[in-house]
Amino acid sequence: QVQLVESGGGLVQAGGSLRLSCAASGAAFSINTMGWFRQAPGKERELVASIGSGSTYYADFVQGRFTISRANAKNMLYLQMNNLKPEDTATYFCARGRGFDLGLHLSDYDFWGQGTQVTVSS
């Protein structure tokens, strides 16, 4: 069983930055696709970014502002968030993909963290 624990969320002013971390424990394969999702109240959970082997995907609404990275030897996943906007306010989740591609669908992921809250004030 894989356990994912996010950290790094908090309250930040618009234009500020946060770095989210996701620590994996238990059975884990560093080569698996990893993703960051977010969910705002009343909204569906949406993919923010994913990282496979040598490739990354970013949703249009974060392109150029967020960077996904991983430290495989440490079983860590990161999301650097710059130039944050109030509309970025959401609970952010990390997830492990079932396979090795970029995993653009919720069903492509089999383990999820508990989420960390990001609130961006105007």
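Reader: Leaving aside neighbours within four places in sequence, what is Ser-21 in contact with?
Author: In this predicted model, Ser-21 contacts Val-5, Glu-6, Ser-7, Trp-36, Met-76, Leu-77 and Tyr-78.

Reader: Which strand does Ser-21 lie in?
Author: Ser-21 is part of strand β3.

Reader: Buried or exposed?
Author: Buried: the relative accessible area of Ser-21 is 12%, and the cut-off for buried is under 20%.

Reader: OK, the sheet. What is the strand order?
Author: The order is β1-β3-β8-β7, an open sheet of 4 strands with antiparallel pairing.

Reader: Which strands stand at the edges?
Author: β1 and β7 do; each has a single partner strand, so one side of each has no neighbour in the sheet. On average, neighbouring strands of this sheet are turned by 15 degrees against each other, direction ignored.

Reader: How many bridges join β3 to β8?
Author: There are 6 bridges between β3 and β8, and the two run antiparallel.

Reader: And what stands opposite Arg-19 in β8?
Author: Gln-80 is opposite Arg-19.

Reader: Switching to the core. How many residues has the largest nonpolar one, and which have the most contacts inside it?
Author: The largest nonpolar core has 26 residues, and Trp-36, Leu-79, Met-81 and Tyr-92 have the most contacts inside it. Elements giving two or more residues to this core include β3 (18-26), β4 (34-39), β8 (76-81) and β9 (90-97).

Reader: What does Leu-79 touch, not counting residues up to four places away in sequence?
Author: Leu-79 touches Leu-18, Arg-19, Leu-20, Trp-36, Val-48, Ala-49, Phe-66, Thr-67, Ile-68 and Tyr-92.

Terms used. Residues are numbered from 1 along each chain as its sequence is written. This is a predicted model: local features need pLDDT of at least 70, side-chain atom pairs count only at pLDDT 80 or more; totals for chains, interfaces and linings use all residues. Side-chain values use heavy atoms; hydrogens and water are left out. A nonpolar core is a set of buried Ala, Val, Leu, Ile, Met, Phe, Trp, Tyr and Cys residues joined through side-chain atoms within 4.5 Å. Buried means under 20% relative accessible area, exposed over 50%, partly exposed in between (1.4 Å probe, protein chains only). Contact means heavy atoms within 4.5 Å. Two strands pair if DSSP finds at least two bridges between them. Axes are lines fitted to C-alpha atoms, for helices over the stretch in contact, and angles run from 0 to 180 degrees between N-to-C directions.
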